Amino acid sequence: MTRCDRTQAWAALQGHFEAHGRDFDLREAFARDASRFDAMSVEAPEVFADLSKNLVDTATLHFLLDLAAECGVATRRDAMLRGDPINTTEGRAVLHTALRAPAGEGPFTGDVHRVLDAMLAYVETVRDTAASGIRHIVNIGIGGSDLGPQMVVPALDAFTHPGLQMHFVSNVDGHDIAPVLRQLNPAETLFIIASKTFTTQETMANAHAAKAWFEANGGTDTAKHFVATTTNIDAAAKFGITTTFGFWDWVGGRYSLWSAIGLPIALAIGADHFRALLGGAHAMDEHFAQAPAAKNLPMLLGLIDVWYRNFHRFTSRCMAPYHQGLKRLPAYLQQLEMESNGKRVDLAGDALPFATSPVVWGEPGTNGQHAYFQMLHQGTDVIPVEFILVKKTTHGSGNDNPLLAQLDKQHTMLLANGLAQSQALMQGKTTEQAQAEKAPTASQALDALTLARHRTFPGNRPSTTLMLYQLTPRSLGALIALYEHRVFTSGALWNINSFDQWGVELGKALCNDLLPRLDSGDASGLDASTAGLMKRLRA
Ligand code: F6P
């Protein structure tokens, strides 16, 4: 692998940025080239992508594709898919793709399908609620052992079991688990203790809280009401859990929803839909593995991310899923992208002279429009926005039912809003246009030009629009895999390890040091701020 800044393509991109990139104007680009939309849209499994509202032209894409070739992205991709230990600092393979390969295909297929089949058989026994008596499922996990299921379950609401209520507890803060426990009774509750390591402080603490509540409320059959999903089966057994679904060290936490960590998803949507989720992801894996770079959607998105981060120096990306079911997608992507690519040294351990992961943030549309879109349109920073539009609803539609007829109208409103926002970001509004318009709510005391300046939009603000036909297990699987491979691509260009997370270690270690001090009051050796804050907390 060659680090991006050491390639000829990087130098060419730098020259291209100075000459054409910095002042690139989207409105002029569309005026110049009537075929821009067709030329810059890409069809991938389940996902159509309009890249044409990005600050790129054919030459930019050409140089970016050269960059991918010179950096050896395809070679590193193939090494990942083969199971080479590309997570070098932990000496591990990175094989979440193996979890969604059909039986008989891909590395470790025997192990993968043995656990998958056992898990899905178990799922059907719990989903038979008349026999199982289970009505509530509580997933206790954090980070990758929480965010994937917590994002997918509401996204697939239309496919979920109506008699099972899903709950997610992650925070060590008792305010998370306490209100959940208040809704439960032991006989109807299944707790899933989800932890790759089965040592994570927050998860273990909440698992103990759940067990204490279960026993205090007359629960007896721990084997029936507690299940673990972990690579550390011995630790789960020591905790007293006998039903365990395992996975392997080559599944990274933030890439684990396809493994046993997906148990809450499978319980919510059932075995067939869970297999469809895996199938959608596998289709995207094949696209990533086989499509030529110029039509390879994860690669193109990863390349544009690097163009924006390292040349335009944009610091964040706003995610705007126009589907309420995707309300947790931004949080999920924060871990996927920022834990993977928030790194400051390359594979050799050398400090990087360029920026890596952007901040990823957002909310579903249209809610974000009434909060921070003001800044996206008129603030001083340019923030690329990623719109996700879903053509067809899953809440039903029809003219004979007044509610569904109204919801159909609302869906059209939702889509119109999403389209309008990307259009407005690009088009902007000149001061002359603003001056020519009436602004009924504006102050009469201001002169027209001053007012028009406040009502001017610079425009030329970039966005990508991803479009799904419908949010189904299959399309959601493909969408998530698209993001995984896009993060892989930018990480490979930066030549960093996207699969470790040493940055979370220091805080954990210091917490272990402070924990007994909060009880004892021992402030010896602490900095003055920490000692002072601790004293106030104990006063
Ligand atoms: O703190 C970071 C982290 O290690 C994540 O990478 C991981 O997803 C999360 O903690 C939970 O870890 P575990 O599944 O081992 O409890």
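This is a predicted model: local features need pLDDT of at least 70, side-chain atom pairs count only at pLDDT 80 or more; totals for chains, interfaces and linings use all residues.
## A tour of the chain

Helices (H or I, at least four residues) and strands (E, at least two) are DSSP runs, numbered from the N terminus.

Residues are numbered from 1 along each chain as its sequence is written, and side-chain values use heavy atoms, with hydrogens and water left out.

**The whole chain**

Show the C-alpha trace. Along its principal axes it spans about 75 × 60 × 60 Å. Of the 539 residues, 53% count as buried. Buried means under 20% relative accessible area, exposed over 50%, and partly exposed in between (1.4 Å probe, protein chains only). Now think about contacts, meaning heavy atoms within 4.5 Å. Among those between residues at least 6 apart in sequence, 75% join residues at least 24 apart.

**Stop 1: Phe63**

Select residues 58–71. This is helix α4, and Phe63 lies in it. Phe63 and Gln8 are 55 residues apart in sequence, yet 9.5 Å apart in space, C-alpha to C-alpha. Then show Ala9, Ala12, Leu13 and His16. Phe63 is in contact with these four, leaving aside its neighbours within four places in sequence.

**Stop 2: helix α8**

Select residues 147–155. Eight of the nine residues of helix α8 are buried, so this helix is largely enclosed by the rest of the structure. Colour the buried ones: Leu147, Gly148, Pro149, Gln150, Met151, Val152, Val153 and Ala155. What covers them? The cover includes β4 (165–169), α13 (263–290), α15 (329–341) and α20 (473–494).

**Stop 3: helix α9**

Move to residues 174–181. In helix α9 the buried residues are Ile177, Val180 and Leu181. Turn the view to look down the axis of α9. The buried residues fall within an arc of 95°, so they line one face of the helix. The arc is that of the directions from the helix axis to the C-beta atoms. Finally, show what they pack against: β3 (136–140), β4, β5 (189–194) and α10 (201–216).
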